[in-house]
Amino acid sequence: MAQDTGGNPRGLYFLTDLANTVRDDPEAAAADLQAILERHGGPAFQLTDTDARELREATAHLIAILTTHDPDEAAEAINTLLDRYPARPRLVRLPDRPWSLHTQPPPTADLTHWLLSTSALALALWLSERGTCAWGECAAPDCDHFFIDTGRRTPQRFCTPRCATRVRVAAHRAHHATG
């Protein structure tokens, strides 16, 4: 039985924020990606345009996993990243946050290595704890943002309550228009 971890998505809000930004703007600027790193307590990289390009390319691997709904396929993709981008797990305490498990890539590793090793570990922990792909894409017709499913009962379908409300209101209006 999968262990219930409640609302602790293992740092995956960073991952979905990055994936949504890159998906919305495939040419996201270094400053935009730097802001995401800073917002989520990432390492203090000073991103160049080259770094931003490499980060966007690396994010494509993560987007491929986030679009996967089959746990076996997701596990295979995550294991491939763990093999390709190894790192030592370390307990880290960020300011005003509890201890969390991060990766420490080799000293010669670049930003891509850090991103993919950290993300692969976070996804692996989440998949193993939840026993399923507890992530997805918003079901709202005009939204394709990713989310991390922290729910305990029914699977999450929308990225935000706002998207869920828009869909419910549209369905309600359509129902009353035909009735």
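**Ground rules.** I'm working from a predicted model, where local features need pLDDT of at least 70, side-chain atom pairs count only at pLDDT 80 or more, and totals for chains, interfaces and linings use all residues. Residues are numbered from 1 along each chain as its sequence is written, and side-chain values use heavy atoms, with hydrogens and water left out.

**Entry: helix 1 and helix 5.** I began with helix 1 (residues 12-24) and helix 5 (residues 111-130). Helices here are DSSP runs of H or I with at least four residues, strands are runs of E with at least two, and both are numbered from the N terminus. The two axes come within 10 Å and cross at roughly 120°. For the axes, lines are fitted to C-alpha atoms, for helices over the stretch in contact, and angles run from 0 to 180 degrees between N-to-C directions. That makes helix 1 oblique to helix 5 (under 35 degrees is roughly parallel, over 145 roughly antiparallel, 65 to 115 roughly perpendicular, and the rest oblique). I also noted that helix 1 passes helix 5 in a left-handed crossing (the near helix is turned anticlockwise from the far one by less than a right angle; clockwise would be right-handed).

Which residues make the contact? From helix 1 I listed Leu12, Phe14, Leu15 and Leu18, and from helix 5 Trp114, Leu115, Ser119, Ala122, Leu123 and Trp126. Contact means heavy atoms within 4.5 Å. By class I get 9 nonpolar, 1 polar and no charged residues (Ala, Val, Leu, Ile, Met, Phe, Trp, Tyr, Cys and Pro count as nonpolar, Asp, Glu, Lys and Arg as charged, and the others, Gly among them, as polar).

**Entry: helix 4 and helix 5.** Next I looked at helix 4 against helix 5, which pack at about 145° with their axes 9 Å apart. This crossing is left-handed. Helix 4 brings Pro71, Ala74, Ala75, Ile78, Leu81 and Leu82, and these meet Leu116, Ala120, Leu121, Leu123, Ala124 and Leu127 in helix 5. The class count is 12 nonpolar, no polar and no charged residues.

**Entry: helix 3 and helix 4.** Helix 3 (residues 49-66) packs with helix 4 (residues 71-84) at about 155°, axes 10 Å apart. The pair is therefore roughly antiparallel. I found His61, Leu62 and Ile65 of helix 3 meeting Ala77, Ile78, Leu81 and Arg84 of helix 4. That contact divides into 5 nonpolar, 1 polar and 1 charged.

**Entry: cysteines.** How many disulfides does a search of the whole structure find? I got 0, a disulfide being a pair of cysteine sulfur atoms within 2.5 Å. For Cys143, the nearest cysteine sulfur is that of Cys159, 3.7 Å away. Cys143 is buried, at 14% relative accessible area (buried is under 20%, exposed over 50%, partly exposed in between, with a 1.4 Å probe and protein chains only).

**Entry: two loop residues.** I found Gln46 in the loop between helix 2 (30-39) and helix 3. Gln46 is exposed, with a relative accessible area of 63%. Not counting residues up to four places away in sequence, Gln46 touches Gln34 and Asp51. Gln46 and Ala31 are 15 residues apart in sequence and 9.1 Å apart in space, C-alpha to C-alpha.

Arg153 is in the loop between strand 4 (146-148) and helix 6 (161-178). Buried or exposed? Arg153 counts as exposed, at 82% relative accessibility. Arg153 and His113 are 40 residues apart in sequence and 35 Å apart in space, C-alpha to C-alpha.
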